Amino acid sequence: MRNRYSKILCLLLLFMCCLPQDGNAIWPFKKKKKEEKKEVLTPYQKLFKNKKVQTAHGLMTIHKVEDKIYVEFPVAMLGRELLFTSSIENTSDGGEGAPGQLGGTDVRLRFEMIDSTVVARMPLLSKPVNTSGDSDIARALNNSHNPGIFKSFKVLACTPDSSALVVNMKSLFLEGSAFTKPFPSTSANGYYGFVSRDHSLESDKSSILGVSASGDNITVREELAYKVNHTLMGAYSMYENVPLTAVVNKMLCVLPEEPMTPRLADSRLGLTTQLKSDFVGAGQEVKNIRYVKRWRIEPSDSAAYRRGELVEPKKQLVFYIDSLLPVKWHPYVKAGAESWNKAFEKIGFKNVICVKEFPENDTLFNAHSLDCMTIRYSASMDEYCTNNSSL
């Protein structure tokens, strides 16, 4: 009996030695491995996971993700009016617009939410005004001048705190219509209006260079390629498909919640004006009215201003002298610009204009931003000076 057990034991040992050296080999039923928990990403996280991202924080948070421009649009800003404009940084043809110049058309946009889409409506400047005070006329004008939808953006995600909607605004910033082109109609190549220029954006040759932001705006810096056709007096083709490349800063800026009080123009003064149609009352003839385009200069002390005292403005107009301007000219440029303070004193304001040098070693300073006014030194065929001006 003992020999039998010994033989059986030897056979078992021999069988075990022949089995593969695996932890589970001795047992025919393998244990199931524990399933690894997969990382669950939110729609917001998926937009940036394992991607190269450039982010800037300011009026809104803006991200450059590959070839996309993600903007975290605050829910609280829906319904507010914003300004979309551009500034030329450099160009292959100064006759189309001077470097540093705010060019093209300033577009007002009002963003609204429709289902899962953010739409940008465009209130037109051509909307007539109503000075009659008649509420029925006001409603009639609103019904016939409802802002049209200029762009729409699908909501891709919400921010973690649900305070903003994430949308891809590349189609707005890399847009080539007449509303958003960065070149002014009065540039040197226009020859005082005798030559019209048609700019066609070549999207395949254009690129996004970066993003930035401040408390008042978000900015996309981009290199835009165009083909330009020049037509003399609307009938004769002068040049076709002229290549034009420009580095442009396109900005989306917040406008004041309280609009500035308009001021009627006086034909005796050489001021830039805005023509409007005025509905003065039911059954009366529509009249033309002109408003002055002017700075928003408001007294810091309203009571003192009403007493006839000289007061400083709430916001001083600060101009920066281009660092390219010859240094020996700086004192004369400063003196010339600040001499306008004497004119402002006639209407009760002091120290309205201040001229400064470009700040050194200031990484936040952006001379191409809308909120930075500069006196530029750039080559131009125009007979007058231009400046990058602000609201």
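Apart from its neighbours within four places in sequence, Met60 is in contact (heavy atoms within 4.5 Å) with Val71, Glu72, Phe73, Pro74, Met77, Leu82, Ala213, Ile218 and Leu252. Met60 also belongs, together with Leu109, Phe111, Met169 and Leu252, to the residues with the most contacts inside the largest nonpolar core, which has 30 residues; such a core is a set of buried Ala, Val, Leu, Ile, Met, Phe, Trp, Tyr and Cys residues joined through side-chain atoms within 4.5 Å, where buried means under 20% relative accessible area, exposed over 50% and partly exposed in between, with a 1.4 Å probe and protein chains only. A second, separate core of 14 residues includes Leu325, Ala337, Phe344 and Ile353.

The model is predicted, and local features need pLDDT of at least 70, side-chain atom pairs count only at pLDDT 80 or more, and totals for chains, interfaces and linings use all residues. Residues are numbered from 1 along each chain as its sequence is written, and side-chain values use heavy atoms, with hydrogens and water left out.

In the chain as a whole, 36% of the 391 residues count as buried, and residues 24 or more positions apart account for 62% of the contacts with a separation of 6 or more. The chain has seven helices and 18 strands, taken as DSSP runs numbered from the N terminus (helices H or I, at least four residues; strands E, at least two). Tyr239 is found in strand β12, and this residue is partly exposed, with a relative accessible area of 48%.
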